[in-house]
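Me: I'd like to learn how to read a protein model. Could you walk me through one, feature by feature?

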Amino acid sequence: MGSKVDVKVVLLGKEYSGKTSLVERYLHHRFNESVPYQNTIGAAFGANKVIVGNKSVTLGIWDTAGSERYEAMSRIYYRGAKGAVVCYDLTNKSSYERAKFWVNELKTYESNCKIYLCGTKLDIVQDDKKLRRVDYHTTTDYADEINAKVFETSSKTGHNVEELFFEVAKDYAKDEQIPENNSNDVQTLHLQDSKDKNAEGCAFCGR
Ligand SMILES: Nc1nc2c(ncn2[C@@H]2O[C@H](COP(=O)(O)OP(=O)(O)O)[C@@H](O)[C@H]2O)c(=O)[nH]1
Ligand SMILES: [Mg+2]
């Protein structure tokens, strides 16, 4: 089974900002609120094939640990990424400040990487507007400044999640020459299993 990835996408953001939930929703169509919070250690990898027009694009998605303790590791994970989904929690102002830190990192060290700002937990602020701590227009102004796109998502309801990753695939398909009959078998694997799998190419850089 091949596991070639066309485009490396990395999720960045403060811990508890909803990165793992976003990947779970997108790749496995589930949301598990009842499980106690699990801090992602290092990073986890999953892949998904997206059809854009008559092309097929395989996204390799890296979910990173958000805590400062793992900051140096996240730098390894975003290397070579073509897309970065920078997450912040719409109910938490400091997570938005942290998102700006990641944007600056990307601008400095991975300047070809497209940035997608992702405000998470939309369902919470839709249920109670008073809980919103990050204004939508502030974010879109900032996004214009840094040449990024903004999505507000809910991993609980699934709102805007497919749309976000479809946009990543679409932007990539627009910029790159992809053969029309490009088809890859993909599998989801986690780092701790990776030595058991015979993955082709480099799982770290997505090349
Ligand atoms: N209501 C709601 N809770 C969310 C959403 N996304 C994440 N959460 C919760 O926020 C917490 C942190 O999420 P997680 O995905 O583990 O964050 P990570 O540390 O960035 O990977 C968990 O308790 C999730 O259940 C969402 O869209 N809606
Ligand atoms: Mg996580």
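Reply: Let's start with burial: a residue is buried if 20 or more other C-beta atoms lie within 10 Å of its own, exposed if 12 or fewer, and partly exposed in between, with C-beta atoms placed from the backbone. Take Tyr 16, which is partly exposed because 18 other C-beta atoms lie within 10 Å. Before going on, note that this is a predicted model, where local features need pLDDT of at least 70, side-chain atom pairs count only at pLDDT 80 or more, and totals for chains, interfaces and linings use all residues. Residues are numbered from 1 along each chain as its sequence is written, while chains are lettered from A and ligands numbered from 1 in the order in which they are written.

Me: Is His 29 buried or exposed, and why?

Reply: His 29 counts as exposed because it has 10 C-beta neighbours inside 10 Å. Across the chain, buried residues make up 38% of the 207 residues.

Me: How do I read the helices and strands, and how many are there?

Reply: Helices (H or I, at least four residues) and strands (E, at least two) are DSSP runs, numbered from the N terminus. The chain here has 6 helices and 6 strands. Follow the sequence and you get the pattern β-α-β-β-α-β-α-β-α-α-β-α. His 29 sits in the loop between α1 and β2 (43-52), and Tyr 16 is in the loop between β1 and α1.

Me: Which strands pair with β1?

Reply: Two strands pair if DSSP finds at least two bridges between them. Strand β1 (residues 7-13) pairs with β3 in the parallel sense over 5 bridges. Within that pairing, Val 7 has Leu 59 of β3 as its bridge partner, and Leu 11 stands opposite Asp 63. β1 is also joined by 5 bridges to strand β4 (residues 83-89), again running parallel; there, Val 9 stands opposite Gly 83.

Me: How many residues of β1 are buried?

Reply: In β1, 7 of its 7 residues are buried. Val 7, Val 9, Leu 11 and Gly 13 point one way, while Lys 8, Val 10 and Leu 12 point the other way. Strand β3 (residues 55-64) is mostly covered as well, with 9 of its 10 residues buried.

Me: What about a helix: which residues of α2 are buried?

Reply: Helix α2 (residues 71-78) has Ser 74, Tyr 77 and Tyr 78 buried. They lie on the same side of α2, because they cover an arc of only 90° around the axis (the arc of the directions from the helix axis to the C-beta atoms). After α2 comes Gly 80, whose phi is positive, near 80°.

Me: Which residues other than glycine have a positive phi?

Reply: Tyr 16 is one of them, with a phi of about 80°. Another is Lys 121, whose phi is near 65°. Lys 121 lies in the loop between β5 (114-120) and α4, and it is buried, with 25 other C-beta atoms within 10 Å.

Me: How do I spot a nonpolar core?

Reply: It's a set of buried Ala, Val, Leu, Ile, Met, Phe, Trp, Tyr and Cys residues joined through C-beta atoms within 7 Å. The largest one here has 44 residues, and Val 9, Val 10, Leu 11, Leu 59, Ala 84, Val 86 and Tyr 116 touch the most other members. Helix α6 (residues 161-175) supplies the largest share of this core, 6 residues.

Me: What is Tyr 116 in contact with?

Reply: Two residues are in contact if their C-beta atoms, placed from the backbone, lie within 7 Å. Leaving aside neighbours within four places in sequence, the contacts of Tyr 116 include Gly 83, Ala 84, Phe 151 and Leu 164. For the whole chain, residues 24 or more positions apart account for 75% of the contacts with a separation of 6 or more.

Me: Last one: which residues are closest to ligand 1?

Reply: A residue is near a molecule if its C-beta atom, placed from the backbone, lies within 6 Å of it. Here 19 residues surround ligand 1, the closest being Gly 18, Lys 19, Thr 20, Ser 21 and Ser 155. The largest share of that shell, 3 residues, comes from α1.
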